[in-house]
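Thanks for passing this one along. Here are some notes to read with the structure open beside you.

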Amino acid sequence: MGQNEMIGYSPAAALPAGPFRFIALDVETASRDSASICQIGIACVRADSHIEIYTTYVNPEQSFAAFNTELHGIDAATVAQAPCFPEAWELLKPLLELHHLVQHSSFDSRAISAACRAYRLPNADLSWSDSVKIARRAWPEFKGNGGHGLGNLKRELGLSFQHHDAGEDARAAAQVVLLAEDRLGKSFDAISGTARKAQFNLPLDPP
């Protein structure tokens, strides 16, 4: 049985409504400038572990580097009609501030902070966990055998996703956490490595 069958998920045309157990987030950038976000994807995990994905392109209002476009396939034409970061962030921030977030490595939180600085926006009060660290706890045997990057975890855990698409990578990070819960026999709260704030203690009755 493939991971897509084991862990339900669906794309969302509109921003999903919470509450969620946690939200995984991934960004793609237009260049080496971490503020040059050109795509944001979130994977929202409900109480029953169903994953809802929301993805938006973002106009970074700067040039695309050929290397980055080759990596993720996004260029200036792709984002010509997309919102700029402040517009996208105005939509996403209220939902993200209410939930505990997961990123695969620290790049995504640094990119969000850099984009907020670039546009002189107040830095969001977000709480992050790293699914790389969670994967290291769950599968220590991968160290030195391909590591805990999404590419190797895709092979080792049988995940199915399109690498370097923000929504797909966010979903993969969420799936890594769900599989780690099963592997370790512990809940996300126990393996997240970050204390939750009071506002994250939301009712999680399935919709």
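1. **Overall layout.** Please keep in mind that this is a predicted model. The chain contains 8 helices and 6 strands. Following the sequence, their order reads α-β-β-β-β-α-α-β-α-β-α-α-α-α. Of the 207 residues, 50% are buried.

2. **H5 against H7.** How do these two helices sit relative to each other? Two packed helices are described by the angle between their axes and the distance between the axes. For helix H5 (residues 131–138) and H7, the angle is about 30° and the axes are 9 Å apart. Angles under 35 degrees count as roughly parallel, and H5 and H7 are therefore described that way. Their crossing is left-handed. On the H5 side, the contact uses Ser-131, Ile-134, Ala-135, Arg-137 and Ala-138. Their partners in H7 are Ala-173, Val-176, Val-177, Ala-180, Arg-183 and Leu-184. Sorted by class, this contact of H5 with H7 holds 8 nonpolar, 1 polar and 2 charged residues.

3. **H6 against H7.** Helix H6 (residues 150–157) also packs on helix H7 (residues 166–184), with axes that come within 11 Å and cross at roughly 55°. That angle makes H6 oblique to H7. The crossing of H6 past H7 is left-handed. H6 contributes Leu-150, Leu-153 and Leu-157, which meet Asp-169, Ala-172, Ala-173, Val-176 and Leu-179 in H7. The contact of H6 with H7 comprises 7 nonpolar residues, no polar ones and 1 charged.

4. **Cysteines.** How many disulfides does a search of the whole structure find? The count is 0. For reference, a disulfide is a covalent bond between the sulfur atoms of two cysteines. Cys-44 has 0% relative accessibility, so this residue counts as buried. Cys-116 is buried as well, at 1%.

5. **Phe-188 and Phe-22.** Phe-188 belongs to helix H8 (residues 188–191). With a relative accessible area of 1%, Phe-188 is buried. Along the chain, Phe-188 and Phe-22 are 166 residues apart, yet their C-alpha atoms are separated by 8.3 Å.

6. **A cis peptide bond.** Where is the cis bond to Pro-19? Look at the step from Gly-18 to Pro-19, where omega is near 10°. Pro-19 lies in the loop between strand E1 (9–11) and strand E2 (22–29).

7. **Positive phi at Glu-61.** Glu-61 is not a glycine, but its phi is positive, at about 55°. This residue sits in the loop between strand E4 (51–57) and helix H2 (66–72). Is Glu-61 buried or exposed? Its relative accessible area is 53%, so Glu-61 counts as exposed.

8. **Positive phi at Arg-120.** Arg-120, another residue other than glycine, has a positive phi near 55°. You will find Arg-120 in the loop between helix H4 (107–118) and strand E6 (127–130). Arg-120 is exposed, with a relative accessible area of 74%.

Key. Residues are numbered from 1 along each chain as its sequence is written. This is a predicted model: local features need pLDDT of at least 70, side-chain atom pairs count only at pLDDT 80 or more; totals for chains, interfaces and linings use all residues. Side-chain values use heavy atoms; hydrogens and water are left out. Axes are lines fitted to C-alpha atoms, for helices over the stretch in contact, and angles run from 0 to 180 degrees between N-to-C directions. Helices (H or I, at least four residues) and strands (E, at least two) are DSSP runs, numbered from the N terminus. Angles under 35 degrees count as roughly parallel, over 145 as roughly antiparallel, 65 to 115 as roughly perpendicular and the rest as oblique. A crossing is left-handed if the near helix is turned anticlockwise from the far one by less than a right angle, and right-handed if clockwise. Contact means heavy atoms within 4.5 Å. Ala, Val, Leu, Ile, Met, Phe, Trp, Tyr, Cys and Pro count as nonpolar, Asp, Glu, Lys and Arg as charged, and the others, Gly among them, as polar. A disulfide is a pair of cysteine sulfur atoms within 2.5 Å. Buried means under 20% relative accessible area, exposed over 50%, partly exposed in between (1.4 Å probe, protein chains only).
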